[in-house]
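User: Hi! Could you walk me through how some of the helix packing terms are assigned here?

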Amino acid sequence: MKTLHLNATLLLIGISTALLGLSILLLGSHKHITLTTDFYLISDILPAQVFNSIAAFAFISSAVLAFLSIKQPNFRSILGYLLIAISIVPLGSLLSDSMWIASMGGFPVIGSGQGVIKYFALLSIGMLLVKRTFSPLITAWISILPVLLVLLWIGGMKFTLLEAQGIEGLVKSSPFMGWLYNIFSIQTTSNIIGVYDLIAVVMLILAIYSPKLTVPAILMSGMVFVVTQTFLISFSGSLSSETLLSTTGHFLIKDLWFLACLFFYYSAVQKLPRKA
């Protein structure tokens, strides 16, 4: 992986985990951590504030290691193992019924788990930092699978009325997307976003085998996560003067991990052998 791309990845990890860690520390105990401790049947072992502090410490430690890793490569594998550990804990809770919308049949209709599945991106980044000897093809797939998952899954949810109504506040606040509601209905706007996400999925897969599609595929999928970051500014419920980020902000800032995955993906695809 090129130094520039790796440093950009480490910077994204550092910024996102620093904001998450500090915000969790300031926010105090909240339901997202409680849902995880409930799943592992450990909520009664320690006060909720202790689990909250452990999560905050893990994220802040990740941020410190990420920033140090920009100049000190020896820290990168340590960071990788920590990211793997941080991601596995919430991902395990996907087995809990609380992550799915029972009124719509449960799995695969995802509710609280929308924020949890984003940890697949952190898992992939951790794996790629720990083991730098994967082949370019394997690296490309490891880096892109979380992106494909979230675009396919959450993109697919856009075709439901529940998700269309759920994103209305975010989309309406955006100077880049809010205009869609002036032309289309709430559901049609959501459908358009869903179609865009699904096209990005196809483009990313095809780009592995067709180098001409690499840049368009990355730009198309990357815009999903870049626009998501603008919601941090445009949506009033994302930031907090007291806790830096709200729980909505936590959900949004995690999309920086997918941009990091795209850096790994781009570097890997450039190294793939091409037929003459």
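Analyst: Contact means heavy atoms within 4.5 Å, and helices are DSSP runs (H or I, at least four residues), numbered from the N terminus. The model is predicted, so local features need pLDDT of at least 70 and side-chain atom pairs count only at pLDDT 80 or more, while totals for chains, interfaces and linings use all residues. Residues are numbered from 1 along each chain as its sequence is written, and side-chain values use heavy atoms, with hydrogens and water left out.

User: Which helices do the buried residues of α3 pack against?

Analyst: They pack against α1 (3–27), α2 (31–39), α4 (75–92), α6 (119–130) and α14 (256–270). Buried means under 20% relative accessible area (1.4 Å probe, protein chains only); F51, N52 and F59 are among the α3 residues that are buried.

User: What makes α1 roughly antiparallel to α3?

Analyst: α1 and α3 pack at about 155°, their axes 7 Å apart. Axes are lines fitted to C-alpha atoms, for helices over the stretch in contact, and angles run from 0 to 180 degrees between N-to-C directions. Angles over 145 degrees count as roughly antiparallel, so α1 is roughly antiparallel to α3. By class, this contact has 16 nonpolar, six polar and no charged residues.

User: Why is α6 called roughly antiparallel to α7?

Analyst: The axes of α6 and α7 (residues 136–157) cross at roughly 170° and come within 8 Å. That angle makes α6 roughly antiparallel to α7. The contact involves F120, A121, S124, M127 and L128 of α6 with T139, I142, S143, P146 and L149 of α7.

How values were computed
Buried < 20%, exposed > 50% of the residue type's maximum accessible area, 1.4 Å probe, protein only. Helix = DSSP H or I, 4+ residues; strand = E, 2+ residues; numbered from the N terminus. Parallel < 35°, antiparallel > 145°, perpendicular 65-115°, else oblique. Nonpolar A, V, L, I, M, F, W, Y, C, P; charged D, E, K, R; others polar.
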